[in-house]
Amino acid sequence: MALPRACFVIPTYNEADNITLLLTQVLESMDTHAGWEVTVLVVDDDSPDGTGARVRTFMATEPRVHLLTGSKRGLGDAYLRGFERALSEFDPDVLVQMDADFSHAPADCPRLLDALDDKTDLVIGSRYVSGGRIDADWHVLRRWLSRGGNFLARYVARLYSVRDCTAGFKATRVTALNEAKPQRFRIQGYVFQVALLHSLVVAGARVTEIPICFHERSRGATKLGVKDLLEFSIHVWWLRLQGRNTFSKFMLTGLSGVFVNLGTFAALLSVGMHQYLASACAVELSIISNFLINNYWTFGYRDIPTRKRIRGLKYNVVSLATLAISLATFVSLSVVNSQGSPMLHQLLSVLPAGLVNYFANSYWTFRER
Ligand code: GDD
Ligand code: MN
C-alpha cells in the first residue's frame, strides 16, 4: 500500500545559518519514523543572506527537497505561494508548516503527524495546552505579544476552543484545506496562521493540540514587524464578521425579543394588568422566544457537549438572572422617574439584561466542546 504523503512547507527569510541543519534534522527524524512519504518545500523570499543557495546545495544530494523563490511580501504571502505549489506539484495528503529557526524541534515532527488520526484534520503543536512550554529565554515582550495575539484570536475571532491560535507548527489534511480555501485570503503577514485556523474551524475541521516546547531561536532574528501587528489587529475583526455571525444573530434575535416583549407588555397593560407584573410577564415570554431562536438558529451550528435538558436548565437560570436584572432596572427607573413612560422604562431595561443574557448564554449555556 502506498504511504500517505506529507509535504513540509517551510518559509525562510535570512535563515542561512539554520536551513541546512534544519532540513537534515527534519528528514532524519521522519526517516526514523516509517509511515510517511516526505517532501519538503522551502519558500525563500530571495533572502539576501543566501539561504536559497544553501537550499540548492542541499537539493543536489536530496531529491525530496524543493525550493520556491519570490520577493518578500510577508509570512502569509509566502505560505500561500508555498501551499499552491505544494498542492499542484506533490499531491500531498497532509501539509506541515514549521519555522526554519528551530523554534519547532525537528524531533517533534513524527509526533505531530502521529496525532493526525482518523478523527483529526488539523494537529497544532501547542505552547498553551498542558505540557506545552516556551523557553525561558523567549523575550518577555514576545510572550505578551503572543498572549495578546492569542487573546484576540480566541475572543475576537471566536476561536475559543483552540489554545494556541498563532502557532506556526501544524499538520493539516489537504481535504480540510480544500474546504477552507486559503487561496481567497488577502493577507500578507503573520495573521495568516490565525486566518487559516479560522477558515478551517468554520469549515468544520476537527482540531487537536499536542504539547510542544517552543524554543527561542539561537541564530538570526525574528521577522515579525509592526506591519504584521497592525494587520493582525485589524484582521481578527474581519474574521469575526466572516464567521458564524453569532453576535449579529443574537442581536437580531434580541430585537425580535424586544417586539415580543413590548407587544406583550402593551397587550397586558390594555387588559388592565399592573405594570410591574406585565413587565415580568412580557420579559418571560420574550425569553422563551429568544431561547428557541438562539437554540436552533444562532447557536444551532455549535457542537455543545451538554445535553439539551441541561442546556434548557441553564438557559432558565440565565433567564432568571435576566428577568431579575430587567425587572430591577424597570422598577428603579419607575421609582426614580415616576412621571416617565412605562414603555420607555421597559425598553431601557432590555439593555443591561440583554448583555448579561448574551455573555452568559454564549459562554455557558451554549458553550462549545
Ligand atoms: N519566505 C518568507 N517570507 N519567510 C518568512 C517571512 C517572509 O516574509 N517572514 C518570516 N519568515 C519565516 C522565517 O524565516 C521563519 O522560518 C518563520 O517564517 C517564522 O518567522 P520568525 O520571524 O522566526 O517568527 P517568530 O519566531 O517571530 O514567530 C513565531 O511565533 C509566531 C507567533 O506565535 C512563529 O512560530 C510564527 O509562526 C508564529 O505565528
Ligand atoms: Mn522564530
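Let's start with a helix pair. The axes of α9 (residues 246-270) and α10 (residues 275-298) come within 8 Å and cross at roughly 150°. That makes α9 roughly antiparallel to α10, a label for angles over 145 degrees. Axes here are lines fitted to C-alpha atoms, for helices over the stretch in contact, with angles from 0 to 180 degrees between N-to-C directions. What sits in the contact of α9 with α10? Its residues divide into 13 nonpolar, 14 polar and one charged. Asp, Glu, Lys and Arg count as charged; Ala, Val, Leu, Ile, Met, Phe, Trp, Tyr, Cys and Pro as nonpolar; the others, Gly among them, as polar.

A word on the source. This is a predicted model, where local features need pLDDT of at least 70, side-chain atom pairs count only at pLDDT 80 or more, and totals for chains, interfaces and linings use all residues. Residues are numbered from 1 along each chain as written, chains are lettered from A and ligands numbered from 1 in written order, and side-chain values use heavy atoms, without hydrogens and water.

Now the sheet. Seven strands form an open, mixed sheet: β3-β2-β1-β4-β7-β5-β8. Strands are DSSP runs (E, at least two residues), helices likewise (H or I, at least four), numbered from the N terminus. Pairing takes at least two DSSP bridges. The edges are β3 (65-69) and β8 (207-211).

Look at β2 (residues 37-44). Five bridges join β2 to β3, running parallel. Val42 stands opposite Leu67 in β3. Helix α2 (residues 51-59) packs on the sheet, touching β1, β2 and β3; contact means heavy atoms within 4.5 Å.

Note on methods. Angles under 35 degrees count as roughly parallel, over 145 as roughly antiparallel, 65 to 115 as roughly perpendicular and the rest as oblique.
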